[in-house]
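Dear colleague,

I am handing over the structure we spoke about, and below it you will find what came out of a first look. Please keep it open beside this message as you read.

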Amino acid sequence: MDKKDNGISFKFKKNDRVGEAEAESDENFLFQCFVDNGDLASLRDCTAPQRIIVGRTGSGKSALLRMLERNEDHVISLAPEQLSLGYLSNSGVIRFFEEAGANLDVFYQLLWKHVLAVELIKYKYKINNDAAQKSFLSMLGQLFVKDKAKEQAVNYLRKWGENFWNETEYRVREITSKMERDLKASLGTDGLGAKLEAGAAEKLSAEERVDVVSRGARVVSQVQIKALSDVLRLLSDEIFNDIQECYFVTIDDLDTKWVDDSLKYKLIRALIETIKSFRQVRSVKIVVALRLDLLQRVITATRDSGFQSEKYESLRLNLRWSSGELLDLLNRRIQHLVKQRYTSRPILMSELFPTHIEKTLFSDYLTQRTFLRPRDAILFVNECIARASDRGQISRQIVQDAEGSYSQKRIDSLQEEWGTVYPQVAQYLHVFSRRPVSIRVSELSEESIREWIQSELLNHPDSNDPVAQAAVHCFMEDNLSHFKFLLILVNALYTVGAIGIKPDTSSPEYWSYFSDHVPSDGTIKPSSVLKLHPVFWRAVGARPPM
């Protein structure tokens with residue numbers, strides 16, 4: 001039975017919600033209903049190493065940053081699009097040297113260090129005009145006239161900081177323009193210089209490429225990285241030296257289109273290096289939010305440059321939620337919704353939703369259809385509430401109707417999240433259409449896979465999709481075995497969280513969204529069991545267990 005007597009006459013109204021998908025639009029609920037599982041405390045502690053918030057989309061990265069801003073006195077928020085880093089993408093000089101193979105990583109780190117150091121100084125000393133800037137530099141110059149290292153730091157700030165009060169993007173353009181001039185001058189006015197004007201890096205001979213790389217290296221080696229190191233020491237020893245007064249710089253939305261992807265990965269890698277360097281300034285914490293898939297692309301794209309992700313593990317704050325924490329979050333939000341216009345008595349989710357869906361407790365049914373992320377749970381409940389206008393309770397039928405729409409939207413969300421890596425990821429899921437939700441690898445027969453590939457995967461192929469490429473090699477060119485193709489498909493489905501894998505009878509069932517373990521190709525056998533995540537069952541048309 002769906003009906004229960006909850007002792008209240010509360011009824012849902014049209015457009016009632018328990019929050020929004022984006023933290024920026026969720027102010028009505030976020031601050032009142034925040035569940036602190038210890039992550040916020042780690043961020044607020046300047047001595048704690050965690051500085052890079054890593055999680056899948058919807059796991060609460062932006063919410064954590066907003067709570068940090070609300071609870072701390074000194075927070076500087078920088079948006080990537082406001083830094084004018086797109087100027088780098090549009091620079092013909094920078095692009096020429098990049099395409100030729102020159103390593104400009106040191107310059108990118110210099111750029112981040114410069115921007116962050118100046119932003120912090122500008123904020124602390126309220127430098128918003130010429131007089132304030134001159135007063136600050138004069139004060140520092142008098143203090144450190146006998147300390148050569150710190151005097152060099154002051155000279156650096158004097159040289160580059162003549163326009164402290166200008167917007168950040170002005171300073172980015174300023175320092176980048178100097179690098180452009182130096183790089184261009186290194187090529188001369190003829191020979192390589194003429195090719196720069198033509199923007200023809202791809203037409204350089206092997207010998208010319210070596211020459212360009214060598215000239216670029218000489219220019220980069222001359223950038224004032226030593227002076228900036230002195231600036232960081234100055235910040236640590238003299239300016240931000242009170243551990244009781246912590247200053248934060250937060251950077252979010254690095255997954256947006258703030259710069260071309262080819263350059264984005266190098267800039268994010270340089271930012272990670274810079275975050276590590278800033279740890280020496282003990283009362284300053286640079287906090288960055290990164291989507292897991294974006295971090296993985298950064299690691300893959302910059303590994304050849306010597307980037308070793310293992311060295312930065314201590315900086316990561318990996319966001320993970322338990323089902324209990326998600327239910328706590330939902331209960332707080334439902335109570336807040338009800339309290340706003342009806343009663344101060346706490347109302348639990350169990351009073352408004354059915355006890356069971358089929359043979360499963362509703363609380364388990366709900367969390368099983370999320371990736372254990374707040375956004376998923378909020379959106380599922382919102383889908384249910386949208387169908388319960390003028391009702392005081394939500395029936396099983398409403399939940400099941402809501403699940404159909406919610407399931408399809410989660411496929412759309414998966415495509416948005418992982419489409420850069422797997423452009424046809426939504427098509428991958430349909431390999432489970434009309435199949436049981438749990439199958440052995442051996443049940444994906446060559447005949448059935450060929451049919452799926454022709455009807456789904458290669459119907460509108462994307463040349464950049466790794467699974468579609470493997471399908472062509474396997475079924476069109478016959479130079480990849482069927483089992484090797486299945487390993488590529490299974491790895492992709494597992495990576496995005498669409499399936500769990502049980503390699504053998506003695507192993508547990510692994511899911512990428514709450515396990516760091518990645519089953520290797522060698523552990524996946526024809527007898528290994530694959531399970532489609534319940535959130536996709538309805539949209540894909542897979543057959544649930546009886």
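Which residues have the most contacts inside the largest nonpolar core? Please bear in mind that this is a predicted model. The core in question has 85 residues, and those with the most contacts inside it are F353, F432, F485 and F536. Helix α23, which covers residues 482-495, gives the most to this core, with 8 residues. There is also a second, separate core of 80 residues, which includes V154, L183, W258 and I299.

The next element to look at is strand β3 (residues 247-251), where 5 of the 5 residues are buried, so the strand is largely enclosed by the rest of the structure. In general, the side chains of a regular strand alternate between the two faces of the sheet. In β3, Y247, V249 and I251 point one way, while F248 and T250 point the other way.

Strand β3 runs parallel to β2 (residues 75-78), to which 4 bridges join it, and I251 is the bridge partner of L78. It is also parallel to β4 (residues 284-291), with 5 bridges between the two, and here F248 is partnered with K285. Between β3 and β4 the chain passes through helix α13 (residues 261-277), and this β-α-β crossover is right-handed.

Finally, helix α11 (residues 206-221) has buried residues V212, G216, V219 and V220. These cover an arc of only 95° around the axis, which puts them on the same side of α11. The face turned away from that buried side carries the exposed residues A206, E207, V210 and S221.

With best wishes

Technical notes
Residues numbered from 1 in each chain as written. Predicted model: local features only at pLDDT ≥ 70, side-chain atom pairs only at ≥ 80, totals over all residues. Heavy atoms only, no water. Expected span 1.5 Å × (residues − 1). Buried < 20%, exposed > 50% of the residue type's maximum accessible area, 1.4 Å probe, protein only. Arc of directions from axis to C-beta. Core = buried A, V, L, I, M, F, W, Y, C linked by side-chain atoms within 4.5 Å. Pairing = 2+ DSSP bridges. Right-handed = clockwise from strand over helix to strand, strands pointing away.
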